[in-house]
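Please keep the structure in view while reading.

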Amino acid sequence: MDASTLEPHKAKRGEKTTLVGIFVNIGLVLVKGLAGWLGHSYALIADAMESATDIVTSLFVWVGLRTASKAPDQNHPFGHGKAEPLAAIVVSMALVGAAILIAVQSIQNIQVPHAIPAPFTLFVLAGVVVVKEVLFRRIAKVGAEVDSSAVKADAWHHRSDAITSLTAFVGISIALIGGPGYESADDWAALLASGFIFFNAYQIFRPSFGEIMDEAPAGDWEQELTTIAMTVPQVKGIEKFRVRKTGFEYFIDLHLTVPGTLTVSQGHEIAHAVKAAIMEAKPAVYDVLVHIEPA
């Protein structure tokens, strides 16, 4: 598969998993919202709110992936890949908003006496935790395989939902076991969940913002590039290099050292050979700009 077909292929996989998450969340919002209302559980209602933000942010991820997969054009010669980490940042901001909303409402409910949640809400939450954890693992696997910050963010949004449901399960259990006087355990659980959600938002935001700022990607790129380049005759080493990630792909600027006695034509041929070797060894690399330095 060449670089021109790699990105659309990855984007399609990400889009598919994102759509699955959207449809699952639509069902969960209805189930959790209704169960929370009938069962007098704000933690479960907060959980439904978190799932509702999942739907909105997943739509942003889906749009971001479709935009990132567009081919370069006159106005975007390096492609549209930055739309992908931008979508991840939108997800993180939505998580922050959800965490603040849940925290504020939880504090208000702690101060106001209310009924103990109904026992049946525990079964609903147990089912939600299982569904969300399975969804997280599936989407996180795809996110890792296609190296997409937006898909990874979408996966962690599902994990945060599972955490919210798990803390709600614990809170409601405490309220049911403790009886009168422990009604607010449900709300304390929702407050604790908001802290987990905020932390996950930071975990999503940090690498996505780094990608927007062209932060050097993780991995031992210098050793890998040197090993590949040294397979080409006459290459003495790498003087310096720069790597940046844009969407699903990588752009590399490389300074090679070669014997100073070579002709311009020979240097040109070596540069093309090194570029071809790198792109063959690392399919996620979209382009390599090689500069020749005399040894």
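When two helix axes are compared by their N-to-C directions, an angle over 145 degrees counts as roughly antiparallel. The model described here is a predicted one, and in it the axes of H5 and H6 come within 8 Å and cross at roughly 165°. H5 and H6 are therefore roughly antiparallel to each other, since their angle lies over 145 degrees.

**Helix H5 with helix H6**

- Helix H5 covers residues 149-178, while helix H6 covers residues 185-212.
- The crossing in which H5 passes H6 is right-handed, and the residues of this contact fall into 14 nonpolar, 8 polar and 2 charged.

**Helix H3 with helix H6**

- Helix H3, made up of residues 83-110, also packs with H6, at an angle of about 160° and with the two axes 8 Å apart.
- Because this angle too is over 145 degrees, H3 and H6 are roughly antiparallel to each other.
- H3 passes H6 in a left-handed crossing, and the contact of H3 with H6 is formed by 23 nonpolar, 6 polar and 3 charged residues.

**Helix H7 with helix H8**

- Helix H7 (residues 221-229) and helix H8 (residues 264-281) have axes that come within 9 Å of each other and cross at roughly 125°.
- The crossing of H7 past H8 is right-handed, and the residues that make the contact are Leu225, Ile228 and Ala229 on the H7 side, with Val274, Ala277, Ile278 and Ala281 on the H8 side.
- By class, the residues of the contact of H7 with H8 comprise 7 nonpolar, no polar and no charged.

**The largest pocket**

- The largest pocket holds about 400 Å³ of space, and among the 19 residues that line this pocket, Asp147, Ser149, Lys152, Pro207 and Glu211 are the closest to its centre.
- Which helix gives the most to the lining of the largest pocket? That helix is H6, with 6 residues, and H5 and H6 each supply at least two residues of the lining.
- Sorted by class, the lining of the largest pocket consists of 9 nonpolar, 5 polar and 5 charged residues.

Definitions and conventions:
Residues numbered from 1 in each chain as written. Predicted model: local features only at pLDDT ≥ 70, side-chain atom pairs only at ≥ 80, totals over all residues. Heavy atoms only, no water. Axes fitted to C-alpha atoms, helices over the stretch in contact; angles between N-to-C directions. Helix = DSSP H or I, 4+ residues; strand = E, 2+ residues; numbered from the N terminus. Left-handed = near helix turned anticlockwise from the far one by under 90°. Contact = heavy atoms within 4.5 Å. Nonpolar A, V, L, I, M, F, W, Y, C, P; charged D, E, K, R; others polar. 1 Å grid on protein atoms, 1.4 Å probe; cavity = no way out; pocket = protein on both sides within 12 Å on 5 of 7 lines; lining within 4 Å. Points joined across faces, edges and corners; volume = space filled by probe spheres on them. Parallel < 35°, antiparallel > 145°, perpendicular 65-115°, else oblique.
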